[in-house]
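Please read these notes with the model open beside you. Take the points in order.

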Amino acid sequence: MSSSSGVNHTVQPCIYGNFVSSYTERKSRFMKWFGKLFKSGADRGVSGRQRPQYIGEENMVWRAPARSLDDRSRAARDREELDRAIALSLGEDLKRPPGYQWQTDYDEDLRALQDSIGSSSYPPPSYAPTGYYPRGYRVCAGCKCNIGYGNYLGCMGTFYHPQCFRCHLCGFPITEHEFSLSGKDAYHKSCFKEMTHPKCEVCHQFIPTNGAGLIEYRCHPFWSQKYCPSHEYDNTARCCSCERLESWNARYISLGDGRSLCLECMESAIMDTGDCQPLYHAIRDYYEGMNMKLDQQIPMLLVERQALNEAIVGEKNGFHHMPETRGLCLSEEQTVTSILRRPKVGGYRLVGMRTQPQKLTRRCEVTAILVLYGLPRLLTGAILAHELMHGWLRLKGYRNLNPEVEEGICQVLSYMWLETEVMPGLKHMPSTSSSSSSSSSSSHKKGRKSEVENKLGEFFMHQIANDASPAYGGGFRAANAAVIKYGLRATLEHIHLTGSFPV
């Protein structure tokens with residue numbers, strides 16, 4: 001383009017800034033490098049590329065300034081080319097996935113070049129998508145050091161070195177294009193799922209979603225054991241004592257009669273009649289301490305499941321807890337097979353059990369008390385306390401009680417005994433009792449119970465209090481409310497006279 005005066009030149013409207021006399025010298029140092037990256041406006045005209053569009057409906061004709069027009073117009077074109085280069089660099093940055101914006105040394109050089117030729121009077125480019133931060137302003141939110149030159153990542157208004165953008169759970173750098181945010185903490189997607197998605201406590205896999213896309217699982221009301229619904233139907237073993245399902249990384253003990261026992265319940269399980277005798281006498285002492293002494297010596301036998309079911313069939317009277325009865329107060333003469341010698345654990349089953357048939361003759365209203373073998377000590381004791389109350393009622397002349405009343409008051413005595421075992425500091429004695437607690441429970445004889453056994457005792461109390469059956473559950477809640485309000489002795493007297501609970 002000629003610069004002689006008196007000749008009209010077609011140019012783009014531009015704003016001229018005041019340049020210092022050293023501009024030409026400064027430009028010559030970088031234009032050679034800059035020309036390797038971008039062609040000048042003249043080169044594009046030669047190569048046939050489209051020239052920039054003019055502003056306005058028609059071309060504007062300007063008279064060339066009297067001085068240095070050639071230099072100033074070239075400076076404007078250089079400025080335009082530099083801005084275009086920066087725009088291309090930023091455009092590449094915007095093509096990256098959301099949340100990732102990388103900055104390179106190349107971008108730093110372009111910005112330095114722009115600062116070297118531009119005047120502070122130039123407005124910032126309108127196409128810049130984000131604000132510009134000086135180098136010293138960018139501090140890594142991970143290591144708190146100046147980022148300086150090189151790649152960096154911008155996320156949620158903060159900057160990181162690539163190696164400093166780490167998962168809040170595992171601590172390893174996040175290199176994937178997608179990640180999870182919880183508050184201000186970033187996570188690998190797999191780590192976030194590990195942290196928030198529930199896992200089955202039986203198969204130890206992530207609980208699958210149902211047909212509606214929702215996470216559906218079962219949860220035990222006391223133990224809070226979460227598991228896939230399918231394990232209720234796939235023959236997964238369930239402990240006959242604590243009701244927990246068998247985990248795939250822990251085996252239960254098979255009792256040989258369709259029941260399984262977890263290892264925690266197995267620790268205190270009572271396996272034969274001889275082992276159960278000290279516990280039985282301790283509970284009789286508990287009744288005596290409540291001024292409810294049993295005058296008759298009632299035989300007690302530990303039996304197998306089949307023997308207990310056969311005894312139930314032979315018993316004319318009585319109401320039984322379905323689907324599983326674990327104790328029986330027998331009033332008829334029968335021959336019952338009891339466990340004489342405890343079995344041993346062989347692998348994951350019991351072996352070497354020795355049984356003996358025993359003929360039970362009726363000497364009073366109660367022939368014997370039968371309890372299912374292989375249950376933890378506290379559950380066995382709760383069953384004994386329940387069945388002994390049946391015996392006490394029959395020996396004291398309580399006749400023809402409806403199931404809600406008889407089973408309800410028996411459950412109250414079972415619950416009260418468990419309370420003294422689980423919370424020995426609580427002297428749970430009825431207000432009408434004239435004697436102090438003289439219960440010599442087996443927990444005092446054997447020493448302090450473990451935390452595991454105490455937790456089992458709390459579970460057995462929970463079972464009694466939340467039983468859904470009308471006789472055992474509803475009866476317990478009605479009987480317990482009467483005992484709390486009037487005391488045990490007054491409640492028993494009212495039952496004897498009216499056959500119902502006082503209200």
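1. Of the protein's 503 residues, 42% count as buried (buried is under 20% relative accessible area, exposed over 50%, partly exposed in between, with a 1.4 Å probe and protein chains only). This is a predicted model: local features need pLDDT of at least 70, side-chain atom pairs count only at pLDDT 80 or more, and totals for chains, interfaces and linings use all residues. Residues are numbered from 1 along each chain as its sequence is written, and side-chain values use heavy atoms, with hydrogens and water left out.

2. The protein has 14 helices and 19 strands. Both are DSSP runs numbered from the N terminus: helices are H or I with at least four residues, strands are E with at least two. Among contacts with a separation of 6 or more, 61% join residues 24 or more positions apart (contact means heavy atoms within 4.5 Å).

3. Look at helix H7 (residues 273–289) and helix H10 (residues 403–422). Their axes come within 12 Å and cross at roughly 105°. Axes are lines fitted to C-alpha atoms, for helices over the stretch in contact, and angles run from 0 to 180 degrees between N-to-C directions. H7 and H10 are therefore roughly perpendicular to each other (65 to 115 degrees; under 35 is roughly parallel, over 145 roughly antiparallel, the rest oblique).

4. Which residues of H7 and H10 make the contact? H7 supplies Leu279, Ile283, Tyr286 and Tyr287, while H10 supplies Leu413, Met416, Trp417 and Thr420. Seven of the contact residues are nonpolar, one is polar and none is charged. Here Ala, Val, Leu, Ile, Met, Phe, Trp, Tyr, Cys and Pro count as nonpolar, Asp, Glu, Lys and Arg as charged, and the others, Gly among them, as polar.

5. The structure holds eleven aromatic pairs. Rings of Phe, Tyr and Trp (its six-membered ring) pair if their centres lie within 6.5 Å; planes under 30 degrees apart are stacked, over 60 edge-to-face, the rest tilted. One of the pairs is Phe222 with Trp223, edge-to-face at 4.8 Å centre to centre and 85° between the planes. Trp223 is buried, at 17% relative accessible area. Phe222, Trp223, Phe459 and Phe460 form one aromatic cluster.

6. Two charges sit over rings. The charged end of Lys193 is 4.7 Å from the ring centre of Phe206. Arg259 lies over the face of Tyr373, 5.2 Å from the ring centre. The test is NZ of Lys or CZ of Arg within 6 Å of the ring centre and within 35 degrees of the ring normal.
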